[in-house]
Amino acid sequence: MPEVRRAQILATAIDMLATHSFESLTIEKVARKAGVSPPLLFHYFTNKEGFHNALLAEAAETFLGRIRPKFELPADQQLCDAVRSFFDTVDELPTVFLAVKRLSSSGQPQLRKRYREVRTITTGWIVDNLIALGVKSTPQLPALLEGWQAFMEEVAVKWLDDPILAKNDLCQLCETALYLLLLTAKLDANELERALASLGRDATGRHLIQDGSE
């Protein structure tokens, strides 16, 4: 079926991103690896731009699947695991992560929209996690969480260029930043304090900062 073959070609291209940069991943290389002719790729993707746009969208799906929270874990473990999964994915699939980052500055509105959708989905996961910990959301919370994700992405880009920090340090840095930012989201102070306590933190995140310095 055409949609199955198209998905197979995209899966091949995503696999190739493990060893190729997005810029160097040509239609000819992908076609050769997929065992098809370049004209066949044009049949499925119309043109080079169509192929690259489809590849970027597929990279977003791949990345989202890798960082999806493990909902079977207790609520007080999901956030820490999600941050670890994020940096594990950046570490193992850096070119996929960087391809996803390209979506944010794409000239194609539908690709920028997909990038926003990824942010919205991950924000929803964190909000749901906080609600499960007994914290009611506020209008400020989603905006704060999207800003925190942007911070974490920039930390990841810096780390790929200059990996002077250990991965554990990166995870602790980003977790600490989130806990401290939560204090500005006009959440109920008592609810937030109880939630942080369940995470082994005090109401200012200082316990986490001390852990990271030991």
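Colleague: What should I know about the model and its numbering?
Modeller: Residues are numbered from 1 along each chain as its sequence is written, and side-chain values use heavy atoms, leaving out hydrogens and water. The model is predicted: local features need pLDDT of at least 70, side-chain atom pairs count only at pLDDT 80 or more, and totals for chains, interfaces and linings use all residues.

Colleague: How far does helix 8 reach from its first C-alpha to its last?
Modeller: Helices (H or I, at least four residues) and strands (E, at least two) are DSSP runs, numbered from the N terminus. Helix 8 has 22 residues. The expected span is 1.5 Å times one less than the number of residues. That gives an expected 32 Å, and the helix comes close to this, with a reach of 32 Å.

Colleague: Is Glu146 buried or exposed?
Modeller: Glu146 lies in helix 8, residues 140-161. Buried means under 20% relative accessible area, exposed over 50%, and partly exposed in between (1.4 Å probe, protein chains only). Glu146 has a relative accessible area of 17%, so the residue is buried.

Colleague: Which residues does Glu146 touch, not counting residues up to four places away in sequence?
Modeller: Contact means heavy atoms within 4.5 Å. The C-alpha atoms of Glu146 and Thr120 are separated by 7.7 Å, although the two are 26 residues apart along the chain. With residues up to four places away not counted, Glu146 touches Arg116, Arg119, Thr120 and Thr123.

Colleague: What is the relative accessible area of Arg119?
Modeller: Arg119 has its place in helix 7. Leaving aside neighbours within four places in sequence, Arg119 is in contact with Glu146, Gln149, Ala150 and Glu153. Arg119 is buried, and its relative accessible area is 8%.

Colleague: Which helices are included in what covers the buried residues of helix 8?
Modeller: The buried residues of helix 8 include Leu141, Leu144, Trp148 and Trp159. Their cover includes helix 5 (75-92), helix 6 (94-103), helix 7 (109-132) and helix 9 (167-182).

Colleague: At what angle do helix 5 and helix 8 pack?
Modeller: Axes are lines fitted to C-alpha atoms, for helices over the stretch in contact, and angles run from 0 to 180 degrees between N-to-C directions. The axes of helix 5 and helix 8 are 11 Å apart, and the angle is about 35°.

Colleague: How many residues of the contact of helix 5 with helix 8 are charged?
Modeller: Helix 5 contributes Val83, Phe86, Phe87, Val90 and Asp91, while the residues from helix 8 include Trp148, Met152 and Glu153. Ala, Val, Leu, Ile, Met, Phe, Trp, Tyr, Cys and Pro count as nonpolar, Asp, Glu, Lys and Arg as charged, and the others, Gly among them, as polar. The contact residues divide into ten nonpolar, no polar and, as charged, two.

Colleague: What kind of aromatic pair do Phe63 and Phe86 form?
Modeller: Rings of Phe, Tyr and Trp (its six-membered ring) pair if their centres lie within 6.5 Å; planes under 30 degrees apart count as stacked, over 60 as edge-to-face and the rest as tilted. The whole structure has seven aromatic pairs. For Phe63 and Phe86, the centres are 5.8 Å apart and the planes are at 90°, and the pair is edge-to-face.

Colleague: Where does that pair have its two residues?
Modeller: Phe63 and Phe86 are 23 residues apart, and their pair links distant parts of the chain. Both residues are buried. Phe63 is in helix 4 and Phe86 in helix 5.
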